[in-house]
Every structure is written in C-alpha cells, then in structure tokens.
Amino acid sequence: MAYRLKPGLWLATTPAGAYRALSQQQPDMAVSFLRAILRQPGTPELNEHTLIRLSDLPLADALALLDCVQQAGWVEGFSEAREEPQGAFEYLLPQILPDLSSSRRALLADPQGFYVATTGFPHEAAEELAALSAAVGTLHERNMGLLQGNLRLGTSAWAVVDAAGNSRIGFWPLYVDSHRFVLTLDRMPMLNHPGMVKLAWILFRHYGAKTSNGKSAN
C-alpha cells in the first residue's frame, strides 16, 4: 500500500498517545516514535524529512508506522504549530494535574517516595501517598511478567476500590527513559484530557535523554 502525507499539518500525540508513550517501560517502535515527538520543543511539521528523522526509519517504513499509530488514535495533525507548555517545571505541573482527576486531586511521585508535584491533597496525606506510590511502582515492576505476560492484561494501573469495584484512588506507573514516576489520581481518572499531552510533553522535555533525531539516547 502506498501512503501519502497530507501537507500543511503539524504532528502531535493525542492524550491516548501520550499515555501510551509514558506507560511502557520497554518501548517498541511505535512508542519510540511517540516519545520522539514529545521530545520536540514544538509540534513538528509533518513532512518526509521530519518523519524519517523522528522514526529513524526509511521513508516507506516511516509512512507505514505513521499510519499504524494514526489508526490506533495515538497521533493527530493540527493546521497550526504548537509550542511546548511554557513556564518553570515546578509551577507547570500543579496547573496540569487537577485536570487528570474528577476530584482535581492528583500527585506525581518519584521512585524514592517523594512527590514531584501535588494538588488537592493535604501536605501530610501527599507525603504518605507519595511513599505508597513508590511502593506500588516497585510492586508493579516485580509482577510485570505476570500481569502483562501470563495474564495479558492491557493495563499497568493499580487501584484501591470500593465494594462496588469503583476506584477510590488509582496509581499509574509512568516511564521517561530510565526515570520512573507514579501518577496518583483520586476518584475517576481523566486521562483523555489534553492535560495528559501536556504532562507527557513536560516530562519528556525535562527528564528525557535525547539524540539529534529526538529519540532516546538510552
């Protein structure tokens, strides 16, 4: 099949694509491509040169990969270029995190059990949740072979649920190259919000190692 690019578009990940890029510890070709997009300072113009550079593939293979991620709903094109979120890292995250939870209470923790950013939680609760998040992240990695291998579960999230099975608080392990974070969300998650793209963009720009083509240096 011959693929053709539509001119005049700038390429970006969708919220689903941003989550896909963050949720995979071992990236495949599609995830590597999504991460390369998120490492850019602005949405790249969709042309053959950019596609080859970001995918690190020959043109025919790059076009096929683009069609694959587009069919999955992981990328979209805009008629105008967009820049990465502007501002200091420590101020941007508290503005973005509330949009990812129905109660607007959210927290991002590092592997050492400290929160990188939090919103809506009292200070003591945030500290304890950060420690719990780190423990959940470690538990997840220890059991990844069972969950994603033998059981073939298509999710990496953990949750504390009520008697009806509804999540009261959930934990989402996120990976930025060698860095692991856990996103903790109170009540219903809102991961399909544009804030998910902003979060991924900020994390990959701040923590992601990159080479000249925007792919991981690891």
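What we have on the screen is a predicted model, in which local features need pLDDT of at least 70 and side-chain atom pairs count only at pLDDT 80 or more, while totals for chains, interfaces and linings use all residues. Residues are numbered from 1 along each chain as its sequence is written, and side-chain values use heavy atoms, with hydrogens and water left out.

The two pairs I began with belong to strand S3, residues 106–109, which runs antiparallel to S4 and is joined to S4 by four bridges. Helices here are DSSP runs of H or I with at least four residues, strands are runs of E with at least two, and both are numbered from the N terminus; two strands pair if DSSP finds at least two bridges between them. In the hairpin of S3 and S4 there are five residues between the strands, and glycine 113 takes a positive phi near 90 degrees.

Stepping back, the open sheet has five strands in the order S4-S3-S7-S6-S5, with antiparallel pairing. Its edge strands, each pairing on one side only, are S4 (115–119) and S5 (158–161), and the twist averages 10 degrees from one strand to the next. Helix H6, residues 123–142, packs on this sheet and touches S3, S4, S5, S6 (167–176) and S7 (179–186), its direction making about 125 degrees with that of S7. Angles run from 0 to 180 degrees between N-to-C directions, and axes are lines fitted to C-alpha atoms, for helices over the stretch in contact.

Now to the helices. H3 (48–55) and H4 (59–71) pack at an angle of about 85 degrees, with their axes 9 Å apart, which means that H3 is roughly perpendicular to H4 (a term covering 65 to 115 degrees). Contact, meaning heavy atoms within 4.5 Å, is made by Glu48, Leu51, Ile52 and Ser55 of H3 and by Leu59, Ala62, Leu63, Leu65 and Leu66 of H4. These residues divide into seven nonpolar, one polar and one charged; Ala, Val, Leu, Ile, Met, Phe, Trp, Tyr, Cys and Pro count as nonpolar, Asp, Glu, Lys and Arg as charged, and the others, Gly among them, as polar.

Notes: Parallel < 35°, antiparallel > 145°, perpendicular 65-115°, else oblique.
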